Amino acid sequence: MSDRDGSQTPPPTGATEAPILDLATCDREPVQFPGAIMPHGILVLLDPADLRIRGCSANAGERLGRDIGGLLGAGLDALLAADAREEIEAGLAGIAEPGPPQYLGCHPVLAGAERFDCFAHRSGEHLVLELEAIPAAAAEVWPTARLAELTEAIGALRGAATWREGMTIAVRELRRVCGFESVQGVRFMPDGSGLVVAECQDDAYPSFLDLRFPRSDMPEPARRQMALMPVQYAPDLAYDPVPVRMADQGGDPRQLDLGLSVLRSSSVMCNRFYLNLGTQARLVLTILDRGELWGFFTCRHSSPRPVPYADRLAYQTFAEMVGLLLVEKQAAEQQALGLEAKRRIGALVADLNAPGAYAAVLGQIPARLIDGLDLEGAALCLGSRIIRAGRTPPESFVSALLPWLDEQSELFATDRLPTHFPAAADQGACATGLIAARLRGAGEYLLGFRPEWVHEVHWAGDPSKPVEIDLTSGEQRLTPRGSFEVWRQDVHGLARPWLAHETESLMDLQRALVLVQHTEQQRELRVQLERSNAELEAFAYVISHDLQEPLRGIRNFAYMLEDDLGERLEAQERGWLETIQRLTVRMTDQIGVLLQYSRAGRQPLELREVDLGELLQSVLEALSGRIHETGAEVRVAPGMPTLACDPSRTAAVFENLIANGIKYNDRADKRIDVGVLPGAVSTFFVRDNGIGIQARHKEAIFTIFRRLHGRDDYGGGTGAGLTIAKQAVQLHGGRIWLESAQGQGTVFYFTLAPDPVDGAMADG
Ligand code: ADP
């Protein structure tokens, strides 16, 4: 179960009680530097330059029937007959970098008939050659039979409906094929503990099914080792480690990195852990998910059990297949769970988008969120309006939470709210878990609540005592815990964790809601605009039909008075009459403009794809007389886009802006530039080098009849051109604005489509 190497860590000096084990210390244990191997093989260290023997395991002399002193410093011929040596030398020549051991074939050594599987890899300055004795039983099973068994086992796996069922099949098949008494399948949990998800074993073995082994049973170096060496094997754990002996000045064998060694000795601590479990032989097969640890199989036997390399290779292949098939299945199952949540939230989004449904569906959101995301309570907060459903904290609490949420990220999810927001401490019954997605701005949120989830975790032994002090040995030493009795732990203060598909679904809803809110706001604005347009239209109608008539009367009577009284009028009286006539003319003009404005607002947009380059050419033709008279230079940038717009309104906007650029310009070299700035929405500009506009007038000039100059200055005007331009732009959903400084010219910008939603959110 564990590779708790590092048993040599002594307790703190003078400790009288069991020390608290520092997991970080455990995580630093150098498992790959034991300086020793297991006795079922021989390890030889070679100089990569001349292949001379720099060191070897202490059993080499005995296994080879010669004095170990004679081996150190000798060449490979001291070890192998010519044929084998040539093959091995050829294999060694290809090993330059550290990496997993390479199999160099099966060869006898000089001393006798025993055959060895040979492996080699590079470690630091050494080449490590390992010779693993082939167990006598290996010859009994023909490789083809093994391969057939393996194919069958993989076939059985494919029948699994769920990944968990797959693990159950896998342990059963693995046990059938490898013959170990106990095979367990363990899955790593997010907190680093290992959960036994499947087991198949003799009745004599205590069941660990559904129990967890704490993270400290598999410290970091052991995990790294598991990822590096997907098969870890010890045929007999009750062995005496065989130290590596170095030639003179060959260095300290404990400096030797044996992380990639097939024969590496695991620590006494690790072995004792297994012996405590009644295990004498073990085989651990790592299951990886795209290179990351996903879980492992642990095979245990109560007596020594040699497993030849060929078989280990077959089991490794099996574990790899499990990694491919079951991990994939698990992802698919999670996805299926997520799909249901997505389907429900998708239906809510569709309802929200249905025409005219917004107001009614808004009120349903919290209740439907509860269903969609498996919540206890939910709330929709839109500033001061808070709609709640299910079990939620009181409104006063939610209101107090919102300003705090404004300081968190746009999506905030926690399974322990009180540790972040202490005021939630007495809301455990409904708000230990919180998921919050910000909508269009501060104080606007979708909130999901989950209560405290008090649950029991079943550990294999007391997880707070991963090691115990071994007092029997006399010398205080850390030892793995001896008891694996089920240890029940009540977990408090946490809510059920938020799963990836839940946060994704909430984000889907958040995006849809923001969009609908935006469209709804636009719609409301349009309704308001239409209403005011209608009022204006009615008003303009009244003016045109009811006021124009009396106005015409006033003007006519003024002319009649002037005609009749003629010479009898004093100069001052004549002046008064002329003023009456002039004012009535002006009023008639203004009424005409009002009519034009109100009609333009009422007429629907006629959208079609328009080539703005062509449209601008026609605008310039219409203005050609004025351009010619004033000698102005008007330049249109190449590459004007083609886009959907109302051509006559768009032409009117350009015409008004260009005409103003020429009109409000007292320079001899009048120059107007027209162009477009690319972006999510095209921004058009009309730049002039005219008199400019003071900052304080930037808004006012869009007001109807508002002129900044005397009535007849700069060629006169009604003061309605920019108002009508703004109206046309807004009908397209766009904006118009300007940059200017007095005497420095002016740039008008406008768009013909709504800003992207992000921009709208930023605007608040
Ligand atoms: P009008 O030109 O009929 O007065 P507009 O609505 O087109 O009406 O313009 C309103 C006012 O804004 C103008 O009277 C002028 O004072 C100012 N203005 C408009 N365009 C420019 C410009 N390009 N440069 C300087 N001032 C301008």
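A polar contact is a pair of N or O atoms within 3.5 Å. The model shown here is predicted.

| Residue | Protein atom | Ligand atom | Distance |
|---|---|---|---|
| Lys-663 | polar side-chain atom | oxygen | 3.1 Å |
| Tyr-664 | polar side-chain atom | oxygen | 2.7 Å |
| Thr-718 | backbone N or O atom | oxygen | 3.3 Å |

Taken alone, the ligand exposes 530 Å². The protein buries 98% of that area.

**The shell around the ligand**

The ligand is surrounded by 22 residues. The closest are Asn-660, Tyr-664, Arg-707, His-709 and Leu-722. By type, the shell holds 10 polar, 8 nonpolar and 4 charged residues. Three elements each supply at least two residues of the shell: helix H18 (647-663), helix H19 (721-731) and strand E29 (746-751). H18 gives the largest share, with 4 residues.

**A pair of helices**

Two packed helices are described by the angle between their axes and the distance between the axes. Helix H6 covers residues 163-178, and helix H9 covers residues 309-353. They pack at an angle of about 170°, and their axes are 9 Å apart. Angles over 145 degrees count as roughly antiparallel, so H6 and H9 are roughly antiparallel to each other.

On the H6 side, the contact includes Trp-163, Gly-166, Met-167 and Ala-170. On the H9 side, Tyr-315, Phe-318, Val-322 and Leu-326 are among the residues that take part. The residues of this contact divide into 10 nonpolar, 2 polar and 3 charged.

Terms used
Residues numbered from 1 in each chain as written. Predicted model: local features only at pLDDT ≥ 70, side-chain atom pairs only at ≥ 80, totals over all residues. Heavy atoms only, no water. Near = heavy atom within 4 Å. Polar contact = N/O pair within 3.5 Å; in protein donor to acceptor, adjacent residues only side chain to side chain. Areas by Shrake-Rupley, 256 points an atom, 1.4 Å probe, with all protein chains shown as cover. Nonpolar A, V, L, I, M, F, W, Y, C, P; charged D, E, K, R; others polar. Axes fitted to C-alpha atoms, helices over the stretch in contact; angles between N-to-C directions. Parallel < 35°, antiparallel > 145°, perpendicular 65-115°, else oblique. Contact = heavy atoms within 4.5 Å.
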